[in-house]
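Take a look at the pockets in this protein model. Some questions and answers on them come after the structure.

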2 protein chains.
Amino acid sequence: MSFYDQLKFDANGLIPAIVQDASTKRVLMMAWMNRASLEMTLKTGKTHFWSRSRQKFWMKGETSGHTQTVKDVAFDCDGDTLLIQVDQIGAACHEGYQSCFYRSVEMPGSTFKTTEERLESPEQIYAKK
Amino acid sequence: MSFYDQLKFDANGLIPAIVQDASTKRVLMMAWMNRASLEMTLKTGKTHFWSRSRQKFWMKGETSGHTQTVKDVAFDCDGDTLLIQVDQIGAACHEGYQSCFYRSVEMPGSTFKTTEERLESPEQIYAKK
């Protein structure tokens, strides 16, 4: 049975994909895939997504060079979320942090703090090309 | 500045929350929160969500006893996804697996395999109360 039969894409044909570093287990980012980007991800071994804001198909790292090589693609009990293990080149976050989740709430309370060092500035990342 | 000002809830007032085991770093599940469930999560230290299918506020483990104690709440660069570190009691998945992501694609190809042992049957989990 194809795993595609287990998946539920939403009303816009999208499914959220959590991306995790295969080695460190750090959760790097969450982005959305449509069926075409998932197929391309499996075919090429590099993560591809659908940008809801830009309404555009994109390969992670196509501009920055910070590509993700896929090691495992898992899906959840409800079939409505993907979990993808990757080898990440460089910073996953376009802000230059290893992970997009570089800020945490200071509990108790509702202020927040930055929990990671910035690896590169966005200018450094996007000046490469 | 409150971290709530950094968050973007979607058109339905919801934000996806990735839940990760604080010790093993296994990604356990993904569920949705509205502002009230996020506030209750921070207030009580136990994860609360909004069920889209049941249109209902719920505390994880309220029936199964498999509660999640919050260790950290992070949010991503776009402010549209949460990452919550927890101490998980028992199986996180209502199917009795440690993680909801207990199935992976067999690459290359599109068949899939189960990658975890089932800890309990759903009948065992929900017969507790």
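What follows covers the pockets and the residues that line them.

This is a predicted model, in which local features need pLDDT of at least 70, side-chain atom pairs count only at pLDDT 80 or more, and totals for chains, interfaces and linings use all residues. Residues are numbered from 1 along each chain as its sequence is written, chains are lettered from A in the order in which they are written, and side-chain values use heavy atoms, without hydrogens and water.

Q: What volume does the largest pocket have?
A: A pocket is an open set of points on a 1 Å grid over the protein atoms alone, where a 1.4 Å probe fits, with protein on both sides within 12 Å along at least five of seven lines. Points are joined across faces, edges and corners, and the volume is the space filled by probe spheres set on them. For the largest pocket that comes to about 1,300 Å³.

Q: Which residues lie closest to the centre of the largest pocket?
A: Lining residues have an atom within 4 Å of a point. The largest pocket has 47 of them. Closest to its centre are Ala31(A), Trp32(A), Trp50(A), Arg52(A) and Asp80(B).

Q: Which strand gives the largest share of the lining of the largest pocket?
A: Strands are DSSP runs (E, at least two residues), numbered from the N terminus. Among those supplying at least two lining residues are β3 (48-51) of chain A and β1 (15-21) of chain B. The largest share is four residues, from β2(A).

Q: Which strand gives the largest share of the lining of the second largest pocket?
A: This pocket has a volume of about 680 Å³. Its 26 lining residues include His94(B), one of the closest to its centre. The largest share, four residues, comes from β2(B).
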